[in-house]
Structures are given as C-alpha cells and as structure tokens.
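Morning, everyone. I'll walk you through one structure, piece by piece. Please take a look at it first.

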Amino acid sequence: RMFHDDELEESEKFYVGQPRVLLLIYALYNTLVARSEMVCYFVIILNHMISASMITLVLPILIFLWAMLSVPRPSKRFWMTAIVYTEVAIVIKYFFQFGFFPWNKHVDYTKDKPYHPPNIIGIEKKEGYVHYDLVQLLALFFHRSILKCHGLWDEDEKGDSSSNKEDTDDELSLTGGRRDSSASLKSVNLAASVESIHVHFPEQQTAIRRKSSSSISQLSHRSSFSSHRSKRGKCHGMTLQVYVPIRQFFYNLIHPDYSAVTDVYVLMFLADTVDFIIIVFGFWAFGKHSAAADITSSLSEDQVPEAFLVMVLIQFGTMVVDRALYLKKTVMGKVIFQVILVFGIHFWMFFILPGVTERKFSQNTVAQLWYFVKCVYFGLSAYQIRCGYPTRVLGNFLTKSYNYVNLFLFQGFRLVPFLTELRAVMDWVWTDTTLSLSSWICVEDIYAHIFILKCWRESEKRYPQPRGQKKKKVVKYGMGGMIIVLLICIVWFPLLFMSLIKSVAGITNKPLDVSITITLGGYQPIFTMSAQQNQLKDLEPHEFNELLKSYQGNTAALQFLEGYGREDITRADLEGNSNSLWTISPPSRQKMIQGLRDLSADFRVKNMKYLISPFFSRTLEEVYPYYIKAPSDSLAKPIKQLLKGMYCKWENITVSLVKNVSEEGVREWWVLNQLRKNQETSQESLELFIFSDKVSPPSLGFLAGYGIMGLYASVVLVIGKFVREFFSGISHSIMFEELPNVDRILKLCTDIFLVRETGELELEEDLYAKLIFLYRSPETMIKWTREKT
C-alpha cells in the first residue's frame, strides 16, 4: 500500500460492523447529499403542484430553463435567487393572512373558485399556507450547506475572476505588454451611456489616449447637453444587462466548448408514453364534466369527448416533434421547443385548465399526476440539451443486446399497430439518405428479422441441446401445453365469455317503469296502466322460498329459476282502474259488439256480448300472464316454463265497463281485477312478477353486444387467420429462417446505418445493393451464414 493509516482502517472496520439498518440509513443519507439539488427541485415542484399559484410558478420555470441547463451545475446566483425568492414569498403570504383585507372575509365562498384573483396570485387566506414554503426553504439551505461543505459555493466567483484574469493577460500580451484595460471587450460598462461605449483596437492605443484626454477636458462643456441622453442610455444599458447574459447563456448552451454526448430519448419517450396513458384513462379530468369517467363506454356509443381528442392530439404531436428533433440532432431546435413547452404547458395547466374544469388545479389529482410526469420529461430534456445529441443513432434501443428480454420486448414493440410503420416513415423523412421509402423499409425489415434470428441463435448457444436426445418433458409440456390451452381458449372464448359475463360479473337490472296494455281483438285498448317507484317492490326472502317450493317437481320451471336470484325478481302492483278513458269510435264499437256476438275461442269467455253493458262484469279465463321475463335487448314476454302445467297457469281476471254520465258528456273506462294474487287487497288491482336478466358491466358492454355469433365472426376467425398463417407458411420461409450464423448480415445492416450517419451516402447505396444481392442469391446466402470454423 502506498498509504496506510491505522485509524482509517479501524474506522472502516467499525463502519462495516454496524447493523444493516444503520448502514441503510447511512446510504440513504449519502444519496440525499449526493443528489441534494434533485431534492430541492422535487420540493419546489411539489410546492407548486399543491399551491398552484403565480407566486410558486416562477421557480419551476427557472428550474427547467436555467438551473437544469447550467453547465456543469447551477450557479450560486440561481440558488441565491431561489432562497431570496422563497423568503420574500413567505413574507408576502404572511402579510396577506390578516383579516382586514376584503377578500379574506368570505374565504369559504371563494376558496374553491379557480379564477378568484387571490387564488391565482397565491395570497389567499388558508390553513397551512406556508408549510411547503418552509420545507422548500429548508431544502435550499440544506443544499447550500452541502455546497459550502465541499467548497463549491464560492466556486463560480473564483472561476469568473480567474477567467477574467486570463483574458486580461491574453489581451496584454497582444498589445505588447501594456496594461490598458480599455483594450479589452470585457471592460465595457453596460450601465454607462450609449455615447460612452467604445470598442478599442490595439493599433489605435496612442490615438485613443489622445482622444480620451481631450474628451475629459471637454466633458464639463457637454454635461448639460447630454444629461437627458445619459438617462436614456442608462435605461438601455440596464436592458442590456438583462438581455446579454441570457443571450450568452443560451449561446454557450447551443455552442459548447466541449460536449458530453448522451442519449436519453428512450426515457423521454417513456415519460411521454406514461402521460399518454394517463390521458386515455383519465381524460375526464381535463374536461368540464367529470361524470363520464369510462372511455370505453363513450367510445362504444360513438362519442369522442373533445377533451380526450385535444389532449391526445397535443400529446401525440409533441412526441412526433421530439422524434424529429432527435433525428435531426438540432440542439437549437430542442432549446426552442423546450422553452415553448415549458411556458405553454404551465400557462395551460394553471390558467386555462382550471377554467375549463371549473375546479382548482390542486383539486385535480389526475392533472397533478400528468404534470409531475411532464416535469420528469422536462428534466430529461434539459439534460439532453446540456449534454448534446449523439452523433450517431444506430438501430432500435431494444436491439443493443441479444437475449430473451430484448427479443420479447422488440417483438412486442413490433406488434403495436402502426408504431413500427410510423417510426420507419418518420426516420426516413428526417434522416439524410439516398434510399427510397420502399428500400428504407426493406432494410428495416431485414434488420428486424436478422436481430430476431440472432437472439434465437444466442439462446441456442447458451442453452445447447445435445444431438440425438429427445426433447425434455418440461419443454414439451411447457411450450406445447401452453399453446394447446391458448388455442382451446380462443376457440371456446365466446361461449365462456357470454356465460360468465352475466352470471359472474353481471349487474342487476331493476325495472324503473312497468306498463301494461290490454286489447280485445285488436280494437282500441280497453286498459292501460303503469307502475313506478313504490309500486315496484323487491321480493322478500320468504316469498322467494315459497316460489321455489311451489315448483318442486317441475323440471323446466326449476331450470329456469336457477338463472335468477331474489334480487332479479320484482313485483309490480297495478291499480285496477284504467288510467285512460275508452275513446272508441261508434263504428268500431259496433264491429266489436258484432265480433263478440260471433263467439271466438280466442276470447276465452262466455257471453262476451254482455261486456259492453255498463256495470256488468265478466271473467276472462287464463288470459293474464302472471310471470313475465324482461330481457335486456328485447321486449318483455311471458315465461312459458312457469305458466303451463298443473303448478301454475295463466291467471283469470274480471273485466267491467264503467260509464259515467255528466254535464260534460258520457265517459267510459274499464276496470280489471285479478282473482288470485299473492298480496290480497279489497280493491281491484293486478299483480305482475318481472324476472330481469342481468346486464354486462359497462366496461365489457362493447364485447357483450356482439353476441356469441358476432364474437365468433369478429374475434375467433380473425385470430384463426393469423394462427393458420403461422402454421402453414413455414415452408416458404425456410431459406430466410434457417440461418446458422447471422453475424455477417447483421454487421452489413449496421454498416448501412453507420455510413448513413457519417454522410457517406454513395457508400450507403453500395452496401444496400450488396444486401439486396445477398437475399437474391441463395448460394451466396449459404456461404455468408455458415458457422465459423
């Protein structure tokens, strides 16, 4: 050892001998110290998400457009700005908590209004108004202490002074060792008047001194003349003091002296994908009404919510622009895009969205989650800008290694509809190439195919199969059994789905209104009545048990009752008096009387002609269905299983015509009464039992609506077509599938990508022609793909 210290060794041994919990705490603390600036960023963003005001809006924007873009780290000026700004914000919030301000007298009324000015500014009176600001200030002071501990707090000032000294030395060497500060461009005082700003050159030093001495002697004569111009120059100089550093900051960012090239596009794409998923499943949070929270039900009704459409298009558009900037490798475009996104999204999320949703941002959990993921994207984008784009973009990020994980992820990526095609077309549009679109897609397809073969060949090398040995049962039953189960599930999926959708996941469909209409021989209805609310009653447990006992021995009835529970049966009590008058015309009345005289067996009553007589009642035998079924997709109909046989038949009812003669004229209506009822009453009434079918949940209603035959036609047959192509098209692809060694072909594809990135477009054409010739020549393909000996 070059250095040995007993105390250090004893300290290391003591540290290693500590409990694991304590070591974990040490590790977490060291991680916190190493990433203390990230803790500050997180606390600032969290404070803004909860407060959502103009006061807390400033620091997040400064984070994404100043701190995270600073190389190599945020300067002392930024941290001092954040600390002072937080302290001032705390004082302002405290000052406006007093009750004598007019807006603090009706806090309960205005606290949930998103466009109330104090709520927008952040000076409203509320409990815990300063808690997160204090935590933010504590995090900033903690980071300040870490920087001071490591000697990084005053590093910026030392660096500036040393750089100024070096620049001065360089300028002095150019001027022959003269220490004239006026020869340096850095000596220009931006706060001075416009007339006093001069640019001096080394060869004019003597004339400069002469002019300066003469100007000093004449300064007293010109002071009164230039006073007002000096004030205007000072204002202009103050503007330059703000503009020039900002311009120089972004110029240094776009044209760095050195660039630590990195590639975080994949992470940015994943963040955008997460935001896209949040929009799809939480689109209701970005619209005015939040009742329709199920996107599948809205789409099944052919309704596209405006909030969902706008958010999806904006999110998708930003992903396309980000891909274009990544392929063009333009840092300036990325900077402009970052500035537009930061200001645009913050303005929309905290000023437009609360007015659209009619609720504050702090009360919108989905919007807060979306904004937090977008902040992660902003941080990654700032890191990409600060480090610069990679000089070469070769292939897909999933094709960097050859294993099962990359293989299945890459195949899953290719299975997403239109994603592979969209990526290929965008890459062709924004990449310099001499290939046509069809040739580009051809190369991409060959590369994807060769990558998949490479993964399989690597897996065969890692898990070799000895020659002459049969396949293990684990492989046969694992892979083959899984395929068998999958095919069986696909074949019988519609039957299983339709059986379980209502019996297991079905929802009880209670009737809200029961209406009954009775006609005789197709003439004007003689009776209409409806039952609602209190007239619709659930079946009691003892009533349901008695119903089951009454059908003991009736196999058809019991089989029907097995599909219904007590909650699916509703008893409707209808009044016996018709709720509408009998307004039949005289000719129809005569025809009806004539028809009743010509007795028909369909009426099932004797002496039907006497029904027309007033106050005369007759019995209709077996005409009233006591039990009816109410399907979810058709009209109600009698339950034949429960209405035939010796157990229960169609019920008998009495009908009578009531006539009332008054000054207004003659009024007639019919009165019906059921002879045998479950709930006996003294008044005329009818009783009806409704068996309601369960309905599928709203989220699965779009599948259940197809029915069994529809699912077979739309799902099973389509999947069967792809499965058949997999099993029947193998013989045509043997030449391109059974390649023992694909390294040379894979290297040829990679070479095409490489020469394209370096601008060797003629060589790209030559390599592409070589690749096409290789696939046209089976003999050459065999030579190229032989195993290396």
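How many aromatic pairs does a search of the whole structure find? It finds 36. Rings of Phe, Tyr and Trp (its six-membered ring) pair if their centres lie within 6.5 Å; planes under 30 degrees apart count as stacked, over 60 as edge-to-face and the rest as tilted.

Before examples, some ground rules. This is a predicted model, where local features need pLDDT of at least 70 and side-chain atom pairs count only at pLDDT 80 or more, while totals for chains, interfaces and linings use all residues. Residues are numbered from 1 along each chain as its sequence is written, and side-chain values use heavy atoms, with hydrogens and water left out.

Now, the pairs. Take Phe64 and Phe378: their ring centres are 5.2 Å apart and their planes stand at 55°, so this pair is tilted. Phe64 is in helix α4 and Phe378 is in helix α17, 314 residues apart, so the pair links distant parts of the chain. Helices (H or I, at least four residues) and strands (E, at least two) are DSSP runs, numbered from the N terminus. Both Phe64 and Phe378 are buried. Buried means under 20% relative accessible area, exposed over 50%, partly exposed in between (1.4 Å probe, protein chains only).

Next pair: Phe361 and Tyr371. Their geometry is edge-to-face, 6.0 Å centre to centre with 90° between the planes. Phe361 sits in the loop between α16 and α17, and Tyr371 in helix α17. Why does Phe361 count as buried? Because its relative accessibility is 4%. Tyr371 is buried too, with a relative accessible area of 0%.

On to the core. A nonpolar core is a set of buried Ala, Val, Leu, Ile, Met, Phe, Trp, Tyr and Cys residues joined through side-chain atoms within 4.5 Å. The largest one here has 65 residues. Among those with the most contacts inside it are Phe64, Trp79, Phe361 and Tyr371. Helices that each supply at least two residues include α4 (54-67), α5 (76-95) and α16 (331-357). Which helix gives the most? That is α17, with 11 residues. The core also draws at least three residues from each of domain 1 (6-150) and domain 2 (264-393); those bounds come from an automatic or database domain assignment.

Stay with Trp79. Not counting residues up to four places away in sequence, Trp79 touches Glu37, Cys40, Tyr41, Pro74, Leu140, His143, Leu147 and Trp153. Contact means heavy atoms within 4.5 Å. Trp153 has a charge over its ring: the charged end of Arg144, 5.4 Å from the ring centre. The test is NZ of Lys or CZ of Arg within 6 Å of the ring centre and within 35 degrees of the ring normal.

Is Asp322 buried or exposed? Asp322 counts as buried, because its relative accessibility is 2%. Asp322 lies in helix α15. Beyond its neighbours within four places in sequence, its contacts include Tyr265, Lys334 and Tyr377.

Last stop, the sheet. Five strands form an open sheet in the order β3-β4-β10-β6-β7, with mixed pairing. Two strands pair if DSSP finds at least two bridges between them. β3 (536-538) and β7 (637-638) stand at the edges with a single partner strand each, so one side of each has no neighbour in the sheet. Strands β4 and β10 run antiparallel, joined by seven bridges. There, Ala572 stands opposite Leu688 in β10.
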